[in-house]
Structures are given as structure tokens and as C-alpha cells.
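I opened the file to look up ring pairs and nonpolar packing. My notes follow.

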Amino acid sequence: MKLPLALQAIHDERLAGLSNVKYQAAQQALLNVDPQNQDSIHHTARALMPWKKGPFQLGDCAIDGEWDCRQKWQRLVPHIGNLTDKRVLDLGCNNGWYRNQLRQTGASEVIGVDPMPLNWMQWDLTQKINPDSQQEFYLLGVEDLPALPSAFDIIVSFGVLYHHRSPIQQLVDLRESLVPGGTLFLETIGIPGDDETLLLPTDRYANMPNVWFLPTLKALTTMLRRARFTDVEVLCAEWGGENEQRATDWTTGPSYRDILDPQDPTKTMEGHPAPRRFMVKAAKKKLS
């Protein structure tokens, strides 16, 4: 995919930022990795910790990310349909785990965008070991979507919506980036309840400072319809909790269990409802 010049400039600037001292050790390991040497692969993978998504098998090196992404993928795959000749966007793609699955399921071209440099480096390592020329990764974010109108047949957006201040505008931007008749698969944190309500934390949610609007399932489907999506369908309203998101030898810091109230696991450490995770499917209206 050829990016507009303005987006290419943003990606190039962020890529150049990998020379920052913050990433110096990780970048040096990545530059020196020998794809034929198992010790080198393992050393480099450890230098690129923490791995949030997984699992990966890089030669003999088995990487168990904080998220066992196989569980979310199994909730999605019955609904994904035929991906032949489809251009797919993986929004907030992290290290590319889902892009690999989308390609293996038949997607002709998968573009990932994520502004985090460590995610790009992890993906770059996986490509050095298991290259795939039909994958692309750009250091961009959801705010860059307006420069890509009607560009994608399918958009997969997992764990992105609640990190931004304007969820309706984000949904509109997602719709506009789809071709007419294109499909959005969206997964996000929500809260329990039958009303059309949203939780707006006053400070942190689950110890995360960058969480904004958390809808009930009914509110989420209403938001999609208000953003002029059609054929809104709920695919799943359950997830694996600490069996799906947990600390491993490849992660650092707290994980799901640690953000819950130790006396009441139905609540977060701040007293909010513990996260539900909703997966929905919606379409952009076809041309008449």
C-alpha cells in the first residue's frame, strides 16, 4: 500500500526515533540478530520485552505474551468470512500477532498501524525469522485514518476505542476508511448493564490513566449506529479474564489479576466494575 506523503513522513519520523537512547539496547540487539542462530534469536527477543501479545514461535524460541491471543482469535474467526483479495487494516496492531492469523486465513494484504516503537521492533524481529512480504507495519495511529478514505475492505480494531477521548469521531473515521460495503470488527472494554450508559472514570481505570469511555453493550451498539454503521451484530460479550491476560516470563509489571480488588474480583482496584469485553461486527453502507 502506498501511503500519502504526509503519513509516510510521520512514519519515517517515528522510525527515526528508534535511535533514541531509550531503545538503544533493543535496537542494537535487533540489528545484530542472526536469524540462523537460536541463541541470538532468544537474546534479541528478551531484549525486546515486554511482549504483550502472543504466542510466537521463532525457531526454537517460544514467546508467551501477556495476552493469549488465540482465545480472542477463536471468538473472531467464525465470523471473518472469505478474505481472498481483501485489503485488511489491523488498527492498533501491537506486534502483529493478529496480522499473521489474518494472512494465514487468506487475506491478500494486511496493513498494521500502531504508533509504539517497541511493537514495531517486535514485529521486525518476527519478520526476520518468518518473513511475509504481504504484511506492512506503519507507526501511525487512529488519528491518521482520515488521510485514508475508502482504503480497506475490512478493519480489525481490538482494544483501541477506549484509549481515545472522542469515541464517536473514532467510529466515524473507521467507517470512512472502509470501502462501501466494508466490514468493521471491533473489540473493546465495556461495563455490565442493560441501559445505554457509559462509565467515564475520573482518573484511572484498572490502573490505566488512558481509559476514557466504557460503554454498556447496548450503548456500544447505539454508538455504532449513530456513527452510521449498518448491520450491527454482537459477536461476543464474554472473555477469558485472567486465563487470557496474565503475567508470563516474557512480560513485566502487573497483569489482569493485579488490577482487581483483592476482596471483590467483580471490581477494579479503583472500585469500578471489572472489565467486560465486547466484540461486535458492523458494516459501511453499500453504494446504491
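I started with Trp-97. Its relative accessibility is 4%, so I logged Trp-97 as buried. This is a predicted model.

Next I checked Tyr-98. Tyr-98 comes out at 5% relative accessibility and therefore counts as buried too. I then looked at the two rings together. Trp-97 and Tyr-98 form an edge-to-face aromatic pair, with 5.2 Å centre to centre and 85° between the planes. I counted seven aromatic pairs in the structure.

I moved on to Trp-239 and Tyr-256. Their rings also pair edge-to-face, at 4.9 Å centre to centre and 80° between the planes. Where do Trp-239 and Tyr-256 lie in the chain? Both are in the loop between β12 (229-236) and β13 (260-261), 17 residues apart. Buried or exposed, I asked of Trp-239? With a relative accessible area of 16%, under the 20% cut-off, Trp-239 is buried. Tyr-256 is buried at 9%.

Two charges turned up here. The charged end of Lys-72 sits over the ring of Trp-67, 4.7 Å from its centre. The charged end of Arg-277 sits over the ring of Trp-239, 5.7 Å from its centre.

Last, I looked up the cores. The largest nonpolar core has 54 residues, and Trp-51, Leu-58 and Met-121 are among those with the most contacts inside it. Helix α6 (residues 117-129) gives the largest share of this core, five residues. A second, separate core has 31 residues, including Ile-155 and Phe-229. I listed contacts for Trp-51: it touches, among others, Phe-56, Ile-63, Leu-125 and Trp-250.

Key: Residues are numbered from 1 along each chain as its sequence is written. This is a predicted model: local features need pLDDT of at least 70, side-chain atom pairs count only at pLDDT 80 or more; totals for chains, interfaces and linings use all residues. Side-chain values use heavy atoms; hydrogens and water are left out. A nonpolar core is a set of buried Ala, Val, Leu, Ile, Met, Phe, Trp, Tyr and Cys residues joined through side-chain atoms within 4.5 Å. Buried means under 20% relative accessible area, exposed over 50%, partly exposed in between (1.4 Å probe, protein chains only). Helices (H or I, at least four residues) and strands (E, at least two) are DSSP runs, numbered from the N terminus. Contact means heavy atoms within 4.5 Å. Rings of Phe, Tyr and Trp (its six-membered ring) pair if their centres lie within 6.5 Å; planes under 30 degrees apart count as stacked, over 60 as edge-to-face and the rest as tilted. A charge sits over a ring if NZ of Lys or CZ of Arg is within 6 Å of the ring centre and within 35 degrees of the ring normal. Lists of a residue's contacts leave out its neighbours within four places in sequence.
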